[in-house]
Every structure is written in structure tokens, then in C-alpha cells.
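Trainee: I am new to this structure and would like to go through its aromatic residues slowly. Could we look at it together?

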Amino acid sequence: IMKKSLLGIIMIAALAGLTSCGPKTTKEAATYMLRPHEELPAEVAEDKSFTKIFLAGTIDMGNSIDWQTMLYEEFRTMEGRYILFNPRQENWDASRPGEMDYQVNWELEHLEESDMIIMYILGSSKSPISLLEMGLHARSGKMYVICEEDFYRFDNVRITCSFYDIPFFTSLDDFKRDVLNTNSLSLLPQK
């Protein structure tokens, strides 16, 4: 766990543009969440000081717990500037013409654009899209994976994360404690 915490701190420091010399400029803390079919305010979309985080993982067609909003609330209490890309739509309607193409392309584009990917796989789900996304980004160096131990492919996820040195957690609480609530995040200068 200590190794994971240190790795998390190092990764976040790198994403935040930590420098050892020169003047440090800080901007006011802010967190935004962007979902499909939404737009950020223009000044936020153009501001390069935000760390962009994709919230990948279990949605189960909107039937799983809304862990994305729980993380958004957590980020809102932290120092720093974050844009959370949340693929969960409030009013998902797969019958809308072109909606599936739009959703999949939105997710792929925002996964690529993100500085960090937090993936949370619930034990009660199958999460095939999450497994696909994990495979696509396992080598990216920007993933954190949370996978509950009762997930039917838990060992596959655990072994893959170990092989690619992806920080791995078995609960959202462990991730929040070891990465988000280390107090190190709030002390790091942001982009």
C-alpha cells in the first residue's frame, strides 16, 4: 500500500507540473464534471491549468451506484483544478439515432485526452467495456484501477495491473485513503 501511495503521489505530482525551482503560480481550486452532450464554460475549456481525469468503470446502463458523482464530491473538497470526464449520462437513450456512435466516440476521445484514468469496477457487474478500456490504456501510465474482490474476473484484473505496474485497489475507500486523502495532493502545485 505504501508503494501505491508513493506511486500515486509521484504520478499526481507529474500531472500537476511540479517543478523544483522558479516562481510558483497558483490558481483558485476548481472542479468541473463533463458528461456527454455537455460543454464546459469556454474559459474552463481553454484553461490548460486543469488536470483532466476520466472516470472509467462500471455504469451498467445507469443501474449501478453513481460512484462518479461520489468522486466528484470528493474532488470538490480538494485543492487543485480538475475536470472530471464522466461517461454516465443522466438520460441515456440508446434508441436515439447515432447515440451509440456518439457515446463510444466521446468516451474514446476523452480517454485519450485525459491526464489520468480512474477505473472503478464493481463486484456485482460484468463491465465488459471497462475491461476493453483497461486493455486499451494499460500501458498509458495514467491509470488507477479499483476492482472489488467479488468481481468475476478479479484475478485477471489484479494480474494485469501488476504486470503493467498500474496502481491497484480493492475498494473505493482504499483508493480515496491512499491517493486522494494523503494530504499530499492538496500540497502539490497545480498546472
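**Aromatic residues, one at a time**

Mentor: Phe163 has a relative accessible area of 63% and therefore counts as exposed, where exposed means over 50%, buried under 20% and partly exposed in between, with a 1.4 Å probe and protein chains only. The model is predicted, so local features need pLDDT of at least 70 and side-chain atom pairs count only at pLDDT 80 or more, while totals for chains, interfaces and linings use all residues. Residues are numbered from 1 along each chain as its sequence is written, and side-chain values use heavy atoms, with hydrogens and water left out.

Trainee: Is Trp67 buried or exposed?

Mentor: Trp67 lies in helix α3, residues 67–76, where helices are DSSP runs of H or I with at least four residues, strands are E runs of at least two, and both are numbered from the N terminus. The relative accessibility of Trp67 is 0%, and therefore this residue counts as buried.

Trainee: Which backbone oxygen does the side chain of Trp67 reach?

Mentor: Leaving aside residues up to four places away in sequence, Trp67 touches Leu55, Ala56, Gly57, Thr58, Arg88, Ile118, Tyr120 and Leu172, a contact being heavy atoms within 4.5 Å. At 2.8 Å, the side chain of Trp67 reaches the backbone oxygen of Thr58.

Trainee: How many aromatic pairs are there?

Mentor: Rings of Phe, Tyr and Trp (its six-membered ring) pair if their centres lie within 6.5 Å, and planes under 30 degrees apart count as stacked, over 60 as edge-to-face and the rest as tilted. By this rule, the number of aromatic pairs is 10.

Trainee: How many residues apart in sequence are the parts that the pair of Phe54 and Trp106 ties together?

Mentor: Phe54 and Trp106 form a tilted pair, with 6.2 Å from centre to centre and 45 degrees between the planes. Because Phe54 lies in strand β2 (residues 51–57) and Trp106 in helix α4 (residues 99–113), the pair ties together parts whose separation in sequence is 52 residues.

Trainee: Which residues form one aromatic cluster?

Mentor: Phe54 counts as buried at 0% relative accessibility, and Trp106 counts as buried at 5%. Both belong to one aromatic cluster, whose members are Phe54, Phe85 and Trp106.

Note on methods:
Polar contact = N/O pair within 3.5 Å; in protein donor to acceptor, adjacent residues only side chain to side chain.
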